[in-house]
Amino acid sequence: MTYAKVCLIGAPGVGKTSLVKRFVDQIFDERYLTTVGVKVDKKTLRVEARDLTLMIWDLAGEDDSESIPLKYVRGAAAYILVADGCRPQTFEKAEQMRQRIDHEIGPLPFVGAVNKSDLAESWDQPAVRRYLPQWGALCTSAKTGAGVEKLFQEIARRALSALP
Amino acid sequence: MSVVSPLRQPMPPDENMSGSTVGPTSEADFETLRNLLLGEEWVDLNVLRKRLRDPELHAHDLSLVLAKAIVRASQRDTKLRSALLPVVEDAIRISVQRDPKVLANLIYPAIGGALLKSVASLLEEKLEALNMVVEQSFTLRGLQWRVEAWRTGKTVGEIAMLRSLLFRVEHVLLIDPRTGLLLARRSAPGAKIQDPDMMSGMLTAIRDFVADSFGEPQNQDLQTVQVGEFRLWIEHGPLAMLVGVVRGPAPVELRKVFRQALQEIHAQFGTALAEYRGGDVSSFVAAESTLERCLMGTAPATATPPKYRLWLALAGLGLAFLFGYWGFREGQHRRSMEIAQQLNQEPGIVVTQMERRDGKLQISGFRDPLASDPSAILRARGLPENSFQLSLREFESGEPSLIARRQRAAHREWLANLSILFEENSTAISPLAVTQLEEVAKRLKTIFKDRPPAQPVIVYGSANGTGATNRSLAEARAVAIVNLLADLGVPRQWFQVSFRLSEPSGDNPTQRRLARRVYFKLEEEP
């Protein structure tokens, strides 16, 4: 079996926890997010004819990108960068976090996710137009499940290619 | 001389001739003359000058003699050592300030063994003292310990320590501290664990959290976690972490066993551990035999045998009593075992301990919330309600039948929360809805794979408003969904079409949108 650690990163309320909630195996309570600042979930996927088990570290969202505990990101093969399509400042926060990871840990493969596609009519168009191509991001909706499987397939593929 | 002097003291160009015509010719002449006078030595001189001025070449030349020069200088006197001392001290200080782990990792193999030896000698002293006490005691148990010590080659003290503490190492995990990934593990027979992969990740996260919260003082890693009757003993090495899940009061000596195992693993898999960044863990399978040795101890006994003095055991009356008592206990024990067997055969129930206390049969263990009711099973077995007490903790069983049931429950929940939305006055199925329905079809087929639904799945169509038009629209939406699901291979007879109408929801676009939907209602699984 092949294993990889991946992280979910983004501002509070962008839907990181909801994204994983439906599609992963969970045993730990969400309280861990507020107490420890991280919760570990698991998902096994078939990627490029291999079974890959993703250990998904869901990091508690912080308003201040400086407060994201990078300690939890160390050892990750890739990460998912989540922003809320309706709130432009969540894109900026996510971009700051991405730059901090680049600077302090080194460039890691990531997949951008613009979440809440069920509310696409309320999306902030300038932010979406700027970051969607810049990150090569996917549109997801934790509420309807749209794009979520694809997101995990993509992060699994990136993580697999990043492994030695 | 008449040629040299004008070159050594060149005239200013304006006063005599133009510099551009005289300069190069004179320089060339001088070069020719220099070659004539100095020949090869001039070439050598140029090479040497270049070597001295080029830092790269100079460093290269110096590197060839540096080692020899240091040896000579240290043989001659102590000046070099004195000169280097503050530099080396400073370098070490900077290294420790920057990352204390680097130096700690370097000296770990040397210092780990020495520490172990000193701990072992301390423990030996304690065991020696215990030996004396045990050897002087004359009980049945003391005799059993002596026989076991003789049989296993251990000291009586060691056996006494191991036997008087009822503990068991249930699981041993080898974890990569960087990624939190589980590299290898071993479990005692019958011991259950929810999900060791997730446990490894979370434990690593908590370790990081604790280190952060307490400012990470040197070598103050998380070492013990107490969870109910379980204790997690954590040994940290520079490249891997060993976690023992221990039940009952384990002797401190067990730490030594864990530490030794971790050192062995470091020695055997040092390179693989250092290079691991995630991925395939099969190269650590061989570490399992080392982990296996950590699975020590015995499960807490069902009852503690009473102590008898040997002289009493030798007396005929005593013997008769003893055999009688044993017979009685054996009968009780056999009956308990039969019941335990019965419960253990049930998917999702694991009995770990059974004892008769306060006139009741106390049964402890684990039960999956989806497993059958254990009280009902025991009553069916003929045990009255008040003759037993169950204390079963919840756990997630790995039994295939329960895994399947759990999956079905998750699918049902997913379906119950799903809404398929429609445009205004439309029964057309959007591309997003098609994707959703493909998932619906997949999940329905999984739920009803073994037997079709006893009650049909109700497909409710809804529309924003009341009246005959809205009713037809709502029904048409539900029918469209059923048609598509039938095309996707779900039998049409599994469904029943219905509708729900609501009062118009005004101008709120979200509410209006949600009112134009189709959703499902499934009966609970029996």
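**View 1. The hairpin of strands 2 and 3 in chain A.** In this predicted model, strand 2 of chain A and strand 3 of chain A pair in the antiparallel sense over 10 bridges, where strands are DSSP runs (E, at least two residues) numbered from the N terminus, and pairing requires that DSSP finds at least two bridges between them. One of the partners in strand 3 is L59(A), which is bridged to V38(A). The hairpin has 2 residues between its strands, and E48(A) in the turn has a positive phi of about 45°. Residues are numbered from 1 along each chain as its sequence is written, while chains are lettered from A and ligands numbered from 1 in the order in which they are written. Because the model is predicted, local features need pLDDT of at least 70 and side-chain atom pairs count only at pLDDT 80 or more, whereas totals for chains, interfaces and linings use all residues.

**View 2. Strand 3 of chain A beside strand 1 of chain A.** These two strands pair in the parallel sense over 7 bridges, and A4(A) has L54(A) of strand 3 as its bridge partner. Of the 10 residues of strand 3 of chain A, 7 are buried, so this strand is largely enclosed by the rest of the structure; a buried residue has 20 or more other C-beta atoms within 10 Å of its own, with C-beta atoms placed from the backbone.

**View 3. Strand 1 of chain A meeting strand 6 of chain B.** Strand 1 of chain A and strand 6 (residues 279-280) of chain B pair in the antiparallel sense over 2 bridges, and T2(A) stands opposite D280(B).

Key:
Helices (H or I, at least four residues) and strands (E, at least two) are DSSP runs, numbered from the N terminus. A residue is buried if 20 or more other C-beta atoms lie within 10 Å of its own, exposed if 12 or fewer, and partly exposed in between; C-beta atoms are placed from the backbone.
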